[in-house]
Amino acid sequence: MLVLSGLSLVELENLMLDFGATKFRAKQIHNWIYSKSVSSIDEMTNLSKDFREELKQRAKITETKIKIKQVSSDGTIKYLIEYPDGECVETVLMRFDNRANLTACVSSQVGCAVNCSFCATGKRGFIRNLTYQEIIEQVLTIQRDTGLKVTNVVFMGQGEPLLNLDNVLKALKIFNDDFQIGARRITISTSGIIPKIRELAQSELQSTLAISLHAPNHILRAELMPIENKYPLDELKKALLDYVDKTGRRITIEYILIHGFNDTIDCAKELAYFLKNIKCNINLIPYNAVDDTKYKKSSNNDIMKFKYLLEHSGKKVTVRLERGADIDAACGQLSGRSKSE
Ligand code: SAH
Ligand code: SF4
């Protein structure tokens with residue numbers, strides 16, 4: 001059976017030709033799917049009952065199911081979403097103080113091959129890439145469930161987006177064209193896949209690139225991220241300088257703060273030096289403890305000291321708010337498994 005969500009306006013128009021219906025019907029269906037986010041064809045009330053019946057014979061809205069939904073005391077919602085083949089990923093909806101901003105944190109892969117030692121997703125290993133339809137289904141699932149319109153998307157759920165770049169870029173285009181989510185409201189976070197960063201530098205991408213740096217030198221970074229042995233910091237730095245040079249865009253540097261490991265004054269100074277010539281903002285992420293790891297979150301005092309030192313170097317520094325910590329929806333805690341498994 002045909003799945004309607006994920007189809008572009010042109011694809012819907014072609015489908016309507018098959019049905020012997022007008023292009024205008026395609027526009028109506030498009031609007032029901034991406035703006036009104038209905039869950040059933042019956043809800044498309046401006047289509048005649050006969051036409052809806054005909055459509056229902058051959059098509060359905062989605063094949064994706066919500067397996068688990070958890071709501072945090074701060075309003076964050078975490079979904080475990082199940083695709084038709086039984087694989088699951090997690091998607092998180094975050095509302096920041098300004099209620100007009102609804103940010104979806106989406107997954108790009110089931111599991112992740114990069115295997116960072118601090119990350120719950122990494123512990124699962126790589127299972128498979130998501131298709132672009134499966135990526136956008138995450139946002140549609142949120143919209144259908146809440147009745148709200150997502151305004152921002154961050155690729156900070158499970159998986160390494162630059163190792164599934166074709167699907168991520170296709171999803172990005174649909175977010176732009178069909179969801180009307182502007183490219184500047186989308187962020188792609190990567191562990192630092194250098195050839196793909198170079199590829200992105202050549203594209204006209206208007207979205208923000210965020211780099212998971214997490215350490216100021218090779219030795220510390222290699223301990224957290226095995227990918228440092230393949231794509232080391234000094235080469236990453238060159239790629240980032242070229243990226244900024246080619247695109248003119250400011251990048252975001254993500255840095256998790258782990259108690260006694262990478263949160264010292266020396267680390268802050270070394271990081272400031274490393275980032276000196278790179279046009280970037282810095283986002284400090286208090287580490288969210290994950291089972292089976294030895295790492296602990298930095299104290300608030302150490303976080304503030306670290307922030308102060310970096311700010312002193314002239315960078316804009318933010319500390320990421322912890323959202324959904326009570327439902328394990330905070331950054332890096334998404335394993336994609338239900339607790340009962
Ligand atoms: N694979 C990509 C995007 C997904 S992870 C990447 O690594 O960038 C999104 C962010 O959450 C990354 O910066 C990642 O390093 C961070 N993260 C992972 N586990 C975390 C944890 N336990 N606590 C805090 N941040 C974590
Ligand atoms: Fe993969 Fe990102 Fe987790 Fe590293 S932090 S294992 S790259 S999802």
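**Close-up views of the predicted model**

View 1. T208 touches I186, T187, I188, R249, R250 and T252, leaving aside residues up to four places away in sequence; contact means heavy atoms within 4.5 Å. T208 is buried, with a relative accessible area of 16%. Buried means under 20% relative accessible area, exposed over 50%, and partly exposed in between (1.4 Å probe, protein chains only).

The model is predicted: local features need pLDDT of at least 70 and side-chain atom pairs count only at pLDDT 80 or more, while totals for chains, interfaces and linings use all residues. Residues are numbered from 1 along each chain as its sequence is written, chains are lettered from A and ligands numbered from 1 in the order in which they are written, and side-chain values use heavy atoms, with hydrogens and water left out.

**View 2. The shell around ligand 1.** Ligand 1 is surrounded by 21 residues, the closest being G159, S189, S212, H214 and N288; a residue counts if one of its heavy atoms lies within 4 Å. By class, 10 of the shell residues are nonpolar, 9 polar and 2 charged. Ala, Val, Leu, Ile, Met, Phe, Trp, Tyr, Cys and Pro count as nonpolar, Asp, Glu, Lys and Arg as charged, and the others, Gly among them, as polar. Strands β10 (186–190) and β12 (251–257) each supply at least two residues of this shell.

**View 3. N and O atoms beside ligand 1.** A polar side-chain atom of S212 lies 2.6 Å from an oxygen atom of the ligand. A backbone N or O atom of G159 is 2.9 Å from a nitrogen atom of ligand 1.

**View 4. The shell around ligand 2.** The residues here are C112, V114, N115, C116, F118, C119, G122, G159, E160 and S191. By class, 5 are nonpolar, 4 polar and 1 charged. N115 lies in the loop between β7 (109–111) and α4 (120–123) and is partly exposed, with a relative accessible area of 39%. Its phi is near 60°, a positive value in a residue other than glycine.

**View 5. The buried residues of helix α7.** In α7 (residues 194–202), the buried residues are I194, I197, L200 and A201. Seen down the helix axis, they fall within an arc of 115°, so they line one face of α7; the arc is that of the directions from the axis to the C-beta atoms.

How values were computed:
A polar contact is a pair of N or O atoms within 3.5 Å; within protein, one must be able to donate a hydrogen and the other to accept it, and residues adjacent in sequence count only if both atoms are side-chain atoms. Helices (H or I, at least four residues) and strands (E, at least two) are DSSP runs, numbered from the N terminus.
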